[in-house]
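Subject: Structure handover and notes

Dear colleague,

Please find the structure below, followed by my notes on what I found in it. I would be glad if you read the notes with the model open beside them.

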There are 2 protein chains.
Amino acid sequence: MFDFPVEQNGVTQEKLLTLIKNTIKFSVKTGHRYFVNQLFSGLDPYGLAGQWLTDALNASVYTYEVAPIFTLMESAVITEMCRMIGPEWNDGIFCPGGSMANGIAIHLARFNYNKSIKKTGMFQHSRLMLFTSEEAHYSTQKFASFIGIGEDNVILIETDEVGRMLPNRLEEGIQEQLDFGGVPILVVATLGTTVRGAFDPLNEIAEICVKYRLWLHVDAAWGGGIIFSQRHRSKLNGIERANSAVINPHKLLAVPQQCSILLVKDKNILHACHSKGAEYLFQKDKYYDQSYDPGDKYLQCGRKCDVFKFWLMWKAKGSSGFAKHVDALMDAAEYFEEQVLARPEFRLVSKRQYINVCFWYLPRYLRGKKDVLEHSIQLHKVAAQIKGAMVKHGAIMLGYQPLKQFPNFFRFVAQNSALGRKDVDFILDHIADLGRAIYK
Amino acid sequence: MFDFPVEQNGVTQEKLLTLIKNTIKFSVKTGHRYFVNQLFSGLDPYGLAGQWLTDALNASVYTYEVAPIFTLMESAVITEMCRMIGPEWNDGIFCPGGSMANGIAIHLARFNYNKSIKKTGMFQHSRLMLFTSEEAHYSTQKFASFIGIGEDNVILIETDEVGRMLPNRLEEGIQEQLDFGGVPILVVATLGTTVRGAFDPLNEIAEICVKYRLWLHVDAAWGGGIIFSQRHRSKLNGIERANSAVINPHKLLAVPQQCSILLVKDKNILHACHSKGAEYLFQKDKYYDQSYDPGDKYLQCGRKCDVFKFWLMWKAKGSSGFAKHVDALMDAAEYFEEQVLARPEFRLVSKRQYINVCFWYLPRYLRGKKDVLEHSIQLHKVAAQIKGAMVKHGAIMLGYQPLKQFPNFFRFVAQNSALGRKDVDFILDHIADLGRAIYK
Ligand SMILES: Cc1ncc(COP(=O)(O)O)c(C=O)c1O
Ligand SMILES: Cc1ncc(COP(=O)(O)O)c(C=O)c1O
């Protein structure tokens, strides 16, 4: 069907064109407004133009020397985003994804706790402990393993009925680990959890971090884009009290993949924690001021330029353009939730906090039942079956997953501000049609 | 000069166009054949087309579901590259750079040594030790810090007169650490060192790794592309004896930034080491065979598609196209070395092994001196001064650095097969002209 193998000789131009066409044909149209499967969607024309120019210039952003515009642009964007968080914020880096950014935040927290680990490693140390919620993104655990702390030393704190970390449980968890001889160093709070879009209560968590002298990292990979919306910005209140935060413009703000920014308060820590001073890149006798070279703040060496597409969108639409985008998405989500509540064939999993709307489709025999969770076993199969039919049909891509006590449910997440009320109706009608056909 | 700040409102289309033009104007033309500053250069038209299409499709390669073509294509390319290394090679992942790939190789080595660290961390463990050469890329040290092993536990083994790791010194180093109670787990050998392009003696190193049961990782980020050249492939002999290897097609093969592949022998280790099983992406009741989902083999979650541009180039030019490219670069380097040897104003730092040609420009009073190193202090300043003039002039970008006992020298690295003998002459003439003007 698709000719993947590569050969000794190149193919003809004609053949190549067919391959390119097929690549397009068989690829998922992530720019389509009915692609609501992941936490990214849409394709901004400025973003794409920016990405294309970046590619044509094929820059690698380690030194001012080889990427003069892009290093300065990174610094301008980081400065502006720091300012939006709070006056004490000072530095940041672009990362190949929010996962990596969360991993680097763990690294910073560990460096902050003990600088000598950079040189001597963690051998013979007491157990360092991290805390995050049971609904937080899995990257904290993956990177806890990578960094040598181990996933068992990430304590997952219970969440409330809508998915927010319970601060009293956090404090209990910390106390418990202290009693066992563990050394808590970091709390990762989430603003906009992956599945339910919950916002952890930052101010209460920040108090606890102060009390126990812990690094507070905010995973706002998904929720952080809201910083552009005057109407919804207050959901991020307290973010300024953290030590670091990640925001993924490639999620909510529809910047093309990939654009992820880790911001920090401490002006010097990124450099102190990551620098190595390789002389073939960071010569000590440069013909310009070395402080323009961001490279040694990074773990990466060669690095794609991810700033230009974001900057170009920002420049083209202004902060107000992003605000409008966010507000439109929030409106669509609000309407989606209303419709789910209004229609008997759907049931909300929990109250919406953000763009995410989590819901079940109910086969007829479950409608009107007060507690559908009593029928979890049957309900669990529904989403997977409908998804199968949905993919065959091909109009919509929408994800599902189980969570805690909840059997499989659908998660709607709009990131495409072209998606309006009619589209919401279409999506829900479509699911209802598929459901009706399966559960006659 | 350049209007970086972003504002509340978007700028006009006209203004935007000016900004885009200025971005191009003030950016380094990395595609130019006189950009020989870094280990990447050139801009392949197929590569660029591939990158552009990837951007337009804006894919994130975690699941078969959202990236059906690209997940299968990754697997086809990885299978083919494994086959080129040896029949026992089985798996691989794309990485955001060779540095990260080296970091993941450390992770695999540690997992191979002790699987429980993934869960419980490295606390209370004996000191794990890594070995690489003193001319190896700095990423092994950076990631040794990150991963919790510490940069002091990376032992840098002495190199010979052309930059190759000395195997007897390696064995001594291992013995010494064993005597001190360290636990050696990994040797990182380099095929194509960053500065001098040296190839470590793999077969001898592999013997030592077998004897001491160490993971052997080959950093062929720079040298690995040579695998396409029948004429030069033998420089990689022994690579099949390693446990893992990284090859950066974005370096020697001129694939657009960024394309970096970590290959491994063990079929299961990437998944075993990295998997977390997040249910919102990797549902257990998918409507297709889960083994098509590469995502859980990765540390990253969202991930740019880096395969398509490489695959498209490969498909368009065939393996023979890459072979021609590599052979042309080697020819250019050979001619460059000949010219350096032939001209009295230049002096070779050490015999060329690969594309890298390392040389000094000699002011008149140093020419003909047998041992220029006796004048290191003066010589050290020359490259930086010429570089300053070179940048002002703007025709050529060429890097310099010190290394071991050698004062600052220039490093020529061609990766653009459009660069011919005339260009080599031009580059050397230009440096000689600048030198003559400075050191009258
Ligand atoms: C030998 C070697 N290994 C690894 C790297 C790192 O690769 P990247 O820049 O893709 O992180 C380099 C970069 O120049 C290199 O020369
Ligand atoms: C809350 C949260 N944090 C982090 C990430 C990881 O971001 P990335 O996919 O860029 O690695 C995600 C991804 O969905 C997320 O939802």
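This is a predicted model: local features need pLDDT of at least 70, side-chain atom pairs count only at pLDDT 80 or more; totals for chains, interfaces and linings use all residues.

The shell around ligand 1 is made up of four nonpolar, ten polar and two charged residues.

The site of ligand 1

Ligand 1 is placed between chains A and B, and of the 16 residues around it the nearest are A:Gly302, B:Gly98, B:Ser99, B:Asp219 and B:Lys251. Helix 4 of chain B, which spans residues 98-113, supplies the largest share of this shell, namely three residues. Several polar contacts can be followed from atom to atom. A polar backbone atom of B:Ser99 is 2.8 Å from an oxygen atom of ligand 1, and an N or O atom in the side chain of B:Thr194 is likewise found 2.8 Å from an oxygen atom of the ligand. On the nitrogen side, a polar side-chain atom of B:Asp219 lies 2.6 Å from a nitrogen atom of ligand 1. Ligand 1 on its own has 390 Å² of accessible area, of which the protein covers 98%.

The site of ligand 2

Ligand 2 also lies between chains A and B. It is surrounded by 16 residues, the closest being A:Gly98, A:Ser99, A:Asp219, A:Lys251 and B:Gly302, and the shell divides into four nonpolar, ten polar and two charged residues. Here helix 4 of chain A (residues 98-113) gives the most to the shell, with three residues. An oxygen atom of ligand 2 lies 2.8 Å from a backbone N or O atom of A:Ser99, while a polar side-chain atom of A:Thr194 is 2.8 Å from an oxygen atom of the ligand. Chain B takes part through B:Gly302, where a polar backbone atom is 2.7 Å from an oxygen atom of ligand 2. Of the 390 Å² that ligand 2 exposes when taken alone, the protein buries 98%.

The seven-stranded sheet of chain A

In chain A, seven strands form an open sheet with mixed pairing, in the order 2-8-7-6-5-3-4. Strand 2 (91-95) and strand 4 (154-157) of chain A are its edge strands, each pairing on one side only, and neighbouring strands of the sheet are turned against each other by 20 degrees on average, with direction ignored. Within this sheet, strand 7 (residues 244-247) and strand 8 (residues 260-264) of chain A pair in the antiparallel sense over four bridges, and A:Val246 stands opposite A:Leu262 of strand 8. Helix 8 of chain A (residues 202-212) lies across strand 5 (183-190) and strand 6 (215-220), and its direction is at about 155 degrees to strand 6 of chain A.

The five-stranded sheet of chain A

Another open sheet of chain A has five strands in the order 1-11-12-10-9, again with mixed pairing. Strand 1 (35-36) and strand 9 (346-348) of chain A stand at its edges and have a single partner strand each, so one side of each is left without a neighbour in the sheet. Strand 10 (residues 357-361) and strand 12 (residues 406-412) of chain A are paired in the antiparallel sense over three bridges, with A:Phe359 having A:Phe410 in strand 12 as its bridge partner. Helix 10 of chain A (residues 307-342) packs on this sheet, where it touches strand 9, strand 10 and strand 12 and makes about 25 degrees with the direction of strand 10. Helix 12 of chain A (residues 421-438) packs on the sheet as well, touching strand 9, strand 10, strand 11 (397-403) and strand 12, and its direction also makes about 25 degrees with that of strand 10.

Backbone points to check

Most residues other than glycine have a negative phi, and most peptide bonds are trans. Against that background, the peptide bond from A:Gln257 to A:Gln258 is cis, with omega near 5 degrees, and A:Gln258 is found in the loop between strand 7 and strand 8 of chain A. In chain B the bond from B:Gln257 to B:Gln258 is cis too, with omega near 10 degrees, and B:Gln258 lies in the loop between strand 7 (244-247) and strand 8 (260-264) of that chain. Finally, A:Gln124 is not a glycine but has a positive phi of about 65 degrees; A:Gln124 sits in the loop between helix 5 (117-120) and strand 3 (128-133) of chain A.

With best wishes

Note on methods:
Residues are numbered from 1 along each chain as its sequence is written. Chains are lettered from A and ligands numbered from 1 in the order in which they are written. Side-chain values use heavy atoms; hydrogens and water are left out. Two strands pair if DSSP finds at least two bridges between them. Helices (H or I, at least four residues) and strands (E, at least two) are DSSP runs, numbered from the N terminus. Axes are lines fitted to C-alpha atoms, for helices over the stretch in contact, and angles run from 0 to 180 degrees between N-to-C directions. Contact means heavy atoms within 4.5 Å. A residue is near a molecule or strand if one of its heavy atoms lies within 4 Å of it. A polar contact is a pair of N or O atoms within 3.5 Å; within protein, one must be able to donate a hydrogen and the other to accept it, and residues adjacent in sequence count only if both atoms are side-chain atoms. Accessible areas come from the Shrake-Rupley method with a 1.4 Å probe; for residues, only the protein chains shown count as cover. Ala, Val, Leu, Ile, Met, Phe, Trp, Tyr, Cys and Pro count as nonpolar, Asp, Glu, Lys and Arg as charged, and the others, Gly among them, as polar.
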